[in-house]
Amino acid sequence: MEPPIVKTFILAALFPCLALAGPDDALPDKFFNSQNPTLTPQEQAGVTIGNRWRAASATGIKPVAGTDGTVQFLFGSTQPSVVCAVLQVCDIELQPGEVISNFNAGDQVRWRIEPASSGSPAGEVEHVIVKPLDVGLRTSLIITTDRRTYYLQLVSHRTEYMPRVSFGYPDDAAKKWSEFQARNREVREDRAGPGGTAKAALDRLNFDYEISGDASWKPLRVFSDGSKTFLQMPDTLPQTEAPSLLVLRGEDSVLPWGAKAEEVIVNYRVQGNRYVVDSVPDKMILLAGAGPHQTKVVITKGGHQP
């Protein structure tokens with residue numbers, strides 16, 4: 001058996017860079033070219049912006065404690081720095097329903113990065129499991145999903161680590177608030193009644209409309225309030241193809257060579273199973289399909305024959 005001194009000599013002979021490296025030296029520097037390229041003004045400006053962003057991330061918005069014990073970062077505000085430890089596992093948890101497309105790390109040799117999932121298929125949560133193989137490592141990690149891209153820093157420590165990491169999404173909060181306001185607006189309009197005002201007089205409502213034609217989506221009722229026209233459709237409308245609404249202007253001539261009624265596009269919107277027309281036309285048509293399979297319903301104000 002060779003003494004330790006002989007082994008050290010053999011290793012030094014085979015790997016000279018190891019013999020020159022002290023305990024605090026960065027071994028990767030021994031293998032890379034020490035001559036950096038000269039950056040152009042454009043390149044230097046880009047590097048400066050990136051450095052400023054990383055520096056702001058280190059001193060910017062701090063993570064908070066999630067309701068389930070996770071370390072929660074605010075997505076998009078900073079570049080989160082995730083601390084992991086050797087012989088431990090870091091769990092980076094994404095938004096429920098979010099699907100991972102890919103992930104890439106700057107150092108894929110000394111970091112083990114694997115995907116995982118939890119929950120039922122309806123509310124599945126995807127995870128990125130991170131395990132460092134050494135202490136004092138620092139690298140970057142990019143995770144791409146079907147919703148967004150995550151830019152992270154990974155740091156390895158001997159004992160300190162973040163067991164679970166999650167994110168808060170300010171854009172989703174703004175979207176939920178917008179949807180909440182839209183629902184409240186619809187409720188207020190429904191309570192106010194036709195015309196959008198609680199002061200609309202009942203004697204202004206006109207239900208004198210004739211509906212001709214045959215279709216599964218044929219209006220159940222048509223009425224106006226003097227400024228708008230409302231078409232009450234069957235409850236099954238959201239499950240079928242919504243017909244298009246046009247206004248008929250003029251009359252067809254009794255003579256073959258005479259003028260024909262003109263079909264005109266009109267402003268309207270669909271609210272659930274109700275059409276709201278921003279005018280009070282004398283004659284309207286609802287169309288679905290095309291050619292010989294087209295279905296048409298004619299709506300005439302005042303009960304006049306179409």
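Here is a quick tour of some strands and nonpolar cores in this structure.

This is a predicted model, where local features need pLDDT of at least 70, side-chain atom pairs count only at pLDDT 80 or more, and totals for chains, interfaces and linings use all residues. Residues are numbered from 1 along each chain as its sequence is written, and side-chain values use heavy atoms, with hydrogens and water left out.

A strand here is a DSSP run (E, at least two residues), numbered from the N terminus, and two strands pair if DSSP finds at least two bridges between them. Take strand S10, residues 164-168: 4 of its 5 residues are buried (under 20% relative accessible area with a 1.4 Å probe, protein chains only; exposed is over 50% and partly exposed is in between). Strand S2 (residues 71-74) pairs with S10, and Gln72 stands opposite Ser166 in S10. Strand S4 (residues 90-93) pairs with S10 too, with Ile92 bridged to Val165 in S10.

The table lists these pairs along with some others.

| Strands | Sense | Bridges |
|---|---|---|
| S2 and S10 | parallel | 4 bridges |
| S4 and S10 | parallel | 2 bridges |
| S3 and S9 | parallel | 5 bridges |
| S8 and S9 | antiparallel | 7 bridges |
| S12 and S13 | antiparallel | 4 bridges |

**Around S9**

S8 and S9 make a hairpin, with 3 residues between them. Thr144 has Thr149 in S9 as its bridge partner. For Cys84, the bridge partner in S9 is Ser156.

**The nonpolar cores**

A nonpolar core is a set of buried Ala, Val, Leu, Ile, Met, Phe, Trp, Tyr and Cys residues joined through side-chain atoms within 4.5 Å. The largest one has 23 residues, and Ile92, Ile113, Val130, Leu141, Ile143 and Phe167 touch the most other members. Elements giving two or more residues to this core include strand S3 (81-85), strand S6 (111-118), strand S8 (138-145), strand S9 (149-157) and S10. Leaving aside neighbours within four places in sequence, Ile113 is in contact with Phe103, Ala105, Val128, Ile129, Leu141 and Leu154, where contact means heavy atoms within 4.5 Å.

**An open sheet**

Further along, 4 strands form an open sheet in the order S12-S13-S17-S16, with antiparallel pairing. Its edge strands are S12 (221-224) and S16 (268-271), each pairing on one side only. In S13 (residues 229-232), Gln232 is the bridge partner of Arg221.
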